[in-house]
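This report is meant for a reader meeting the structure for the first time. It moves from a single residue to the elements around it.

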Amino acid sequence: MPPPPPALVDKLRTICLDLPDAYEEAAWTGRRWCIRKKNFAHLVQIDGGWPPVYARAAGSPGPLSVLTLRTPRPAADTPRFSRAPFFLPGWWPDIVGVRLDADSDWDLIEPLLIASYCTLAPAALAAEVAARQG
């Protein structure tokens, strides 16, 4: 299985590792960013229908890069997450997926990554991030 494109990994790395105590690691497939052993962002490359659970959730056999992240409340409660470039994987109610490509709107994705981090981070770290946001 091909790894996610380096440019996407680098872009996510820049955003995610700017968050307190966040770290990056290899996942069972792709790359993930965590806070205190909790995964707040997972980048996966779908190709040839693999991995099948991601290909089914994203509605594509690939090649396609997808990012999954956490939401502060059930993702299905937010209508925008039910239309492209988003998808609802369905394996947890607070996980949303987004298809990434050269036209991805990082001004939209970055706040979602920060919200995902804050959803899982200890309260003190989430407050630190909120204070930095102004």
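## A buried serine

Ser 104 counts as buried because its relative accessibility is 15%, where buried means under 20% relative accessible area, exposed over 50% and partly exposed in between, with a 1.4 Å probe and protein chains only. The model is a predicted one, in which local features need pLDDT of at least 70 and side-chain atom pairs count only at pLDDT 80 or more, while totals for chains, interfaces and linings use all residues. Residues are numbered from 1 along each chain as its sequence is written, and side-chain values use heavy atoms, with hydrogens and water left out.

Ser 104 sits in the loop between E6 and H3; helices (H or I, at least four residues) and strands (E, at least two) are DSSP runs, numbered from the N terminus. A polar atom of the Ser 104 side chain lies 2.8 Å from the backbone nitrogen of Asp 101. Leaving aside residues up to four places away in sequence, Ser 104 touches Arg 99 and Ile 109, a contact being heavy atoms within 4.5 Å.

Helix H3 has 15 residues and reaches 21 Å from its first C-alpha to its last, close to the 21 Å expected at 1.5 Å a residue, the expected span being 1.5 Å times one less than the number of residues. The N-terminal end of H3 is capped by Asp 105, a side-chain oxygen of which lies 3.0 Å from the backbone nitrogen of Asp 107. Among the buried residues of H3 are Trp 106, Ile 109, Leu 113 and Tyr 117.

## The enclosed strand

Strand E4 is largely enclosed by the rest of the structure, because 6 of its 7 residues are buried. E3 and E4 run antiparallel and are joined by 6 bridges, and strands are said to pair if DSSP finds at least two bridges between them. His 42 stands opposite Thr 68 in E4. E4 and E6 also run antiparallel, joined by 6 bridges, and here Leu 67 stands opposite Val 98 in E6.

Methods
A polar contact is a pair of N or O atoms within 3.5 Å; within protein, one must be able to donate a hydrogen and the other to accept it, and residues adjacent in sequence count only if both atoms are side-chain atoms.
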